[in-house]
Amino acid sequence: MADPKENVLMEKLVSLCKRRGFIFQSSEIYGGINGFWDYGPLGAELKRNVKELWWNRMTRMRDDVVGLEATIIMHPQIWRASGHVDTFSDPMCDCLLTRKRFRADQVDVQSGIAYHFTGARDSVSGKVSQDPFAVLLPAGKPPESARKTAVAFYQLRGLQNVELSGETTEKVENSQRFNPENGALLTEPRPFNLMFKTYVGPVADEENVAFLRPETAQAIFAQFKNVHETSRQKLPFGIAQVGKAFRNEVTPRNYTFRSREFEQMELEFFIKPDEAVEALCGQVATPSTPGHPGTPQPDWGWQMWHQYWVEERIRFYESIGLPRTTLEEYWQKPDELAHYARATVDLLFKFPFGTQELEGIAARSDFDLSQHQRFSGKSMTVFDEELKAAWPKLDPTRQSDLSERYRLARLKYLSKTGEPAEKAEKQAAEDAANLGKGYYVPHVIEPSAGVDRLILALLAHAFHEEESTDEKGRKETRTLLSFHPSVAPVKVGVFPLLKNKPELVAKAREVRESLRSHFNVFYDEAGSIGRRYARQDEAGTPFGVTIDFDTLGERPEWKDTVTIRQRDSGAQERVAIAELRTWLETRLR
RNA sequence: GCGAGCGUAGCUCAGCCUGGUAGAGCGUCACCUUGCCAAGGUGAAUGUCGAGGGUUCGAAUCCCUUCGCUCGCUCCA
């Protein structure tokens with residue numbers, strides 16, 4: 001767990017974010033609302049930059065990924081197909097004695113004698129508790145043991161000398177209402193819905209229930225066919241989306257890290273099943289060495305693609321200023337994997353409050369599209385002309401081998417979904433036959449990142465304090481945010497050396513105007529020059545441009561040049577105004 | 001959801017125990033000053049003391065409720 005020093009760091013960061021306008025609590029004037037955060041002027045710029053860099057890198061800089069922007073509220077069936085309705089709304093109950101929480105349907109079934117109590121009173125103080133309580137004992141156990149548990153319960157309610165009242169017994173069979181560990185009564189099962197619920201249309205009844213999406217991914221699957229057909233993409237290709245998602249988290253914690261409204265950047269990268277790759281290329285390439293596997297090749301199987309995306313994503317983080325050393329790769333153990341996942345790598349960042357997930361890169365097989373195929377009744381298969389052409393040229397034993405492997409994989413999926421065995425067998429056989437005709441459900445690799453936690457990681461990583469002592473022996477702390485220039489909210493500060501010299505001010509404003517259509521520029525003339533540098537250090541502005549007397553020609557050879565100061569080192573150099581834009585452009589990438 | 005602690009100016013905090021209508025430092029703003037790293041001077045703004053209720057002649061202070069934050073438990077597809 002985080003040690004005190006790291007909590008102090010977190011407090012400093014939170015305070016800086018508020019003071020400088022990066023992050024505010026939502027609805028603060030009304031006392032705030034738990035789990036919701038707003039981005040102030042600098043935070044909004046930072047977040048835009050991050051999303052834009054992701055979008056450019058994932059879509060515009062590639063031939064094989066296209067974008068999507070889907071709605072937040074979708075057909076409720078989507079969340080049944082995805083499994084969210086089941087896994088996000090488990091009724092839970094708590095042990096009245098230990099507070100331990102159980103999923104109501106997973107409590108071990110028990111039988112025995114239940115001892116009910118209507119309440120208790122303190123024989124010394126006279127204080128009374130009217131809370132009913134009950135303990136279940138296996139048949140044959142002495143009643144004293146039930147009373148002991150009940151006494152402990154009422155002691156928790158503030159009674160010291162417990163005198164139990166209204167004891168009755170009842171025979172109980174196959175009950176899930178009692179804690180198997182101590183026999184204590186559990187609270188009533190309460191729905192624990194992690195999805196935000198709303199109603200579509202003016203009538204708020206159960207038929208009109210809809211959910212705010214708990215992830216952006218499902219929209220991509222739901223629109224897979226449309227995008228595939230209109231984008232003229234062929235497998236392998238991906239669909240990227242950036243957008244809001246909502247989860248009614250039990251405990252929003254750690255500043256913006258776990259929020260109830262948050263933004264995701266997700267890619268669903270669709271690939272051919274390994275059986276199809278083998279049919280086409282004669283073999284499936286699998287990773288032999290760690291690290292980036294290079295330019296994608298036609299013979300890559302899902303493992304190569306998975307490794308490729310893990311490495312691509314790490315490169316992205318490096319490019320925006322999170323070095324590999326700040327990240328941790330965590331390969332989920334087989335028993336941690338979701339049942340449909342073949343492999344999942346979490347990219348973790350060392351936050352001040354602990355090492356936590358920034359992004360997950362999951363190999364999700366063909367589970368998602370298959371689910372939507374089953375629930376919607378619409379085919380999610382693609383037709384692969386090359387596969388159709390290649391298949392007849394295969395050796396018959398190879399054909400039956402591939403076909404059988406594909407059939408078994410489909411059967412495994414269909415059986416797990418609870419399809420009747422006979423129906424599953426029939427469907428799997430049909431799917432296998434279709435493979436030879438060039439039809440299959442694409443598999444998917446999913447790099448899924450949280451924008452807000454990435455912002456927090458960038459802030460935490462950029463935060464630095466430098467202690468120094470001035471000539472008068474006073475200790476000073478310089479706070480700076482060492483953002484990578486590509487994400488920095490403000491790219492360049494422009495300052496006249498002195499405010500009371502109109503020529504300097506006029507020239508500085510002129511320089512600001514010449515730059516502002518190219519970069520986010522901040523102009524400041526208030527206070528000493530050092531103070532203005534310090535203000536920009538806290539905002540994370542990488543460069544400061546100062547207009548001085550030499551700019552005006554005091555030293556003729558320096559006419560129309562400015563001083564550029566670098567944020568992290570404080571180093572200065574002289575650059576001609578005419579070259580400023582190019583100078584900055586090459587350093588802001 | 002449970003337990004503990006906390007909530008006073010933009011930020012960090014004092015005052016609360018022992019009720020008598022609010023303070024410091026930093027920051028912000030204006031003017032002056034200032035020839036490159038938070039210099040200085042003068043002046044200014046800012047809080048229904050998280051919110052609501054109660055006790056009291058009187059509440060930042062005592063009591064209750066509620067919201068928010070932190071930590072622990074729980075949860076985390």
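This is a predicted model: local features need pLDDT of at least 70, side-chain atom pairs count only at pLDDT 80 or more; totals for chains, interfaces and linings use all residues.
Helices here are DSSP runs of H or I with at least four residues, strands are runs of E with at least two, and both are numbered from the N terminus. Axes are lines fitted to C-alpha atoms, for helices over the stretch in contact, and angles between N-to-C directions run from 0 to 180 degrees.

The contact (heavy atoms within 4.5 Å) involves Leu46, Lys47, Val50 and Lys51 of helix 2, and Val451, Asp452, Leu454, Ile455, Leu458 and Leu459 of helix 14.

## Basis of the description

Local features need pLDDT of at least 70, side-chain atom pairs count only at pLDDT 80 or more, and totals for chains, interfaces and linings use all residues. Residues are numbered from 1 along each chain as its sequence is written, chains are lettered from A and ligands numbered from 1 in the order in which they are written, and side-chain values use heavy atoms, leaving out hydrogens and water.

Seven strands form an open sheet in the order 3-14-15-21-18-17-16, with mixed pairing. Two strands pair if DSSP finds at least two bridges between them. At the edges are strand 3 (65-67) and strand 16 (327-331), each of which pairs on one side only. From one strand to the next, the twist averages 25°.

Within this sheet, strand 14 (residues 237-246) and strand 15 (residues 261-271) run antiparallel and are joined by 10 bridges. Isoleucine 239 has glutamate 268 in strand 15 as its bridge partner.

## A covered strand

Strand 9 (residues 133-137) is mostly covered, as five of its five residues are buried; buried means under 20% relative accessible area, with a 1.4 Å probe and protein chains only. Phe133, Val135 and Leu137 point one way from strand 9, whereas Ala134 and Leu136 point the other way.

Strand 9 pairs with strand 6 (residues 110-117) in the antiparallel sense over five bridges. Tyrosine 115 stands opposite valine 135 of strand 9.

## A buried glutamate

Glutamate 278 lies in helix 8 (residues 274-281). Its relative accessibility is 12%, so glutamate 278 counts as buried. Leaving aside residues up to four places away in sequence, glutamate 278 touches Gln283, Val284, Arg398, Leu402 and Arg405.

Terms used. Buried means under 20% relative accessible area, exposed over 50%, partly exposed in between (1.4 Å probe, protein chains only).
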